[in-house]
Amino acid sequence: MIVCVCHRVSDREIARHAKLGLGFDDIQFELGVATQCGQCESCARDIVDQCCKSQPVAAIRIAEGSHHV
Ligand code: FES
């Protein structure tokens, strides 16, 4: 799915960069996402947020589980 129509950036492309540890600003700089009309910005931020949070949340759940067992 194309998130940023202006720069033809897909959600997969954003997710790939987010998983490498890049923040929104870095991805914006790398891919040019949300630098033209800005309509894609909230969607692009959501994708970055989801990718950044998925790993720490999983780690917290594993830590909590081991405490209660
Ligand atoms: S759709 Fe991304 S800047 Fe226009």
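Student: In which helix is Ala15 found, and is Ala15 buried, partly exposed or exposed?

Tutor: This is a predicted model, in which local features need pLDDT of at least 70, side-chain atom pairs count only at pLDDT 80 or more, and totals for chains, interfaces and linings use all residues. Residues are numbered from 1 along each chain as its sequence is written. Ala15 is found in helix α1, helices being DSSP runs of H or I with at least four residues, and strands runs of E with at least two, numbered from the N terminus. Because Ala15 has 17 C-beta neighbours inside 10 Å, and buried requires 20 or more other C-beta atoms within 10 Å, exposed 12 or fewer, with C-beta atoms placed from the backbone, Ala15 counts as partly exposed.

Student: Which residues does Ala15 touch, leaving aside those up to four places away in sequence?

Tutor: Contact here requires C-beta atoms, placed from the backbone, to lie within 7 Å. With residues up to four places away in sequence not counted, the residues that Ala15 touches are Ile47 and Cys51.

Student: How far apart in space are Ala15 and Ala44, C-alpha to C-alpha?

Tutor: In sequence, Ala15 and Ala44 are separated by 29 residues. In space, their C-alpha to C-alpha distance is 9.0 Å.

Student: Which residues does Ala44 touch, again not counting those up to four places away in sequence?

Tutor: Ala44 is among the residues with the most contacts inside the largest nonpolar core, which has 13 residues; such a core is a set of buried Ala, Val, Leu, Ile, Met, Phe, Trp, Tyr and Cys residues joined through C-beta atoms within 7 Å. Beyond four places in sequence, Ala44 touches Val3, Cys4, Ile14, Val33 and Ala34.

Terms used:
Contact = placed C-beta atoms within 7 Å.
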